[in-house]
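Work through the exercises below with the sequence and the structure at hand. Each task is followed by a solution in steps.

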Amino acid sequence: MHRLQFLAEGFWLAGANICLLPIAQVQHGDGKVGRAMTNMTDEEFNSMVQSLCESKAEEFRLIGYEHVEAEEVWSCVKAKYVKHGQPALHVIVNDILSLKVTSFMNQMTLDAYRGSRF
């Protein structure tokens with residue numbers, strides 16, 4: 001199971017050797033110091049999401065779903081965001097890494113009934 005792990009000062013590991021996510025210290029209004037992801041460019045965001053989706057697709061292939069592609073994984077995950085828009089980065093990472101095969105196959109079946117490729 002993939003989880004976000006703290007590696008060293010300033011970085012988190014998303015999944016098994018997938019990508020490093022930079023973090024920064026932030027001070028909240030109440031004086032507490034916490035950590036937050038730094039702003040990412042669209043290119044960095046897309047690259048990170050692509051890596052996570054490829055990892056999840058590879059996981060599905062390892063358990064017998066041989067034709068799963070990263071684009072299909074992202075299509076399944078982002079279908080949840082149609083009504084309310086794109087959520088925070090940590091929610092997206094969690095949704096990708098916690099995606100179950102049954103949810104994925106349900107979404108692919110619905111998309112097949114609708115006539116779309118994904």
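**Exercise 1. In which helix does Met108 lie, and is Met108 buried or exposed?**

Solution. The model is a predicted one.
- Step 1: Met108 is part of helix H4, which covers residues 101-114.
- Step 2: The relative accessible area of Met108 is 14%. Buried means under 20%, so Met108 is buried.
- Step 3: Glu72 is 36 residues away from Met108 in sequence, yet the two C-alpha atoms are 8.1 Å apart in space.

**Exercise 2. Which residues is Phe104 in contact with, leaving aside its neighbours within four places in sequence?**

Solution.
- Step 1: Set aside the neighbours of Phe104 within four places in sequence; the contacts are then Phe60, Val68, Glu72, Val73, Cys76 and Leu99.
- Step 2: Phe104 also belongs to the largest nonpolar core, which has 22 residues. Along with Met48, Val49, Val73, Ile96 and Leu99, Phe104 touches the most other members.
- Step 3: At least two residues of this core come from each of H1, H2, H3 and H4. H1 gives the largest share, seven residues.
- Step 4: As background, nonpolar side chains in soluble globular proteins tend to be buried together.

**Exercise 3. Describe how H1 and H3 pack, starting from their axes.**

Solution.
- Step 1: Helix H1 spans residues 42-62 and helix H3 spans residues 89-97; their axes come within 9 Å and cross at roughly 20 degrees.
- Step 2: Angles under 35 degrees count as roughly parallel, so H1 is roughly parallel to H3.
- Step 3: The crossing of the two helices is right-handed.
- Step 4: On the H1 side the contact uses Phe45, Met48, Val49, Leu52, Cys53 and Lys56, and on the H3 side Leu89, Ile92, Val93, Ile96 and Leu97.
- Step 5: Sorted by class, the residues of this contact are 10 nonpolar, no polar and one charged.

**Exercise 4. At what angle do H1 and H2 pack, and which residues make the contact?**

Solution.
- Step 1: The axes of H1 and H2 are 8 Å apart, and the angle is about 105 degrees.
- Step 2: The range from 65 to 115 degrees counts as roughly perpendicular, so H1 is roughly perpendicular to H2.
- Step 3: H1 contributes Val49, Gln50, Cys53, Glu54, Lys56 and Ala57, while H2 contributes Ala70, Glu71, Val73 and Trp74.
- Step 4: The class count for this contact is six nonpolar, one polar and three charged residues.

Technical notes:
Residues numbered from 1 in each chain as written. Predicted model: local features only at pLDDT ≥ 70, side-chain atom pairs only at ≥ 80, totals over all residues. Heavy atoms only, no water. Axes fitted to C-alpha atoms, helices over the stretch in contact; angles between N-to-C directions. Helix = DSSP H or I, 4+ residues; strand = E, 2+ residues; numbered from the N terminus. Parallel < 35°, antiparallel > 145°, perpendicular 65-115°, else oblique. Left-handed = near helix turned anticlockwise from the far one by under 90°. Contact = heavy atoms within 4.5 Å. Nonpolar A, V, L, I, M, F, W, Y, C, P; charged D, E, K, R; others polar. Core = buried A, V, L, I, M, F, W, Y, C linked by side-chain atoms within 4.5 Å. Buried < 20%, exposed > 50% of the residue type's maximum accessible area, 1.4 Å probe, protein only.
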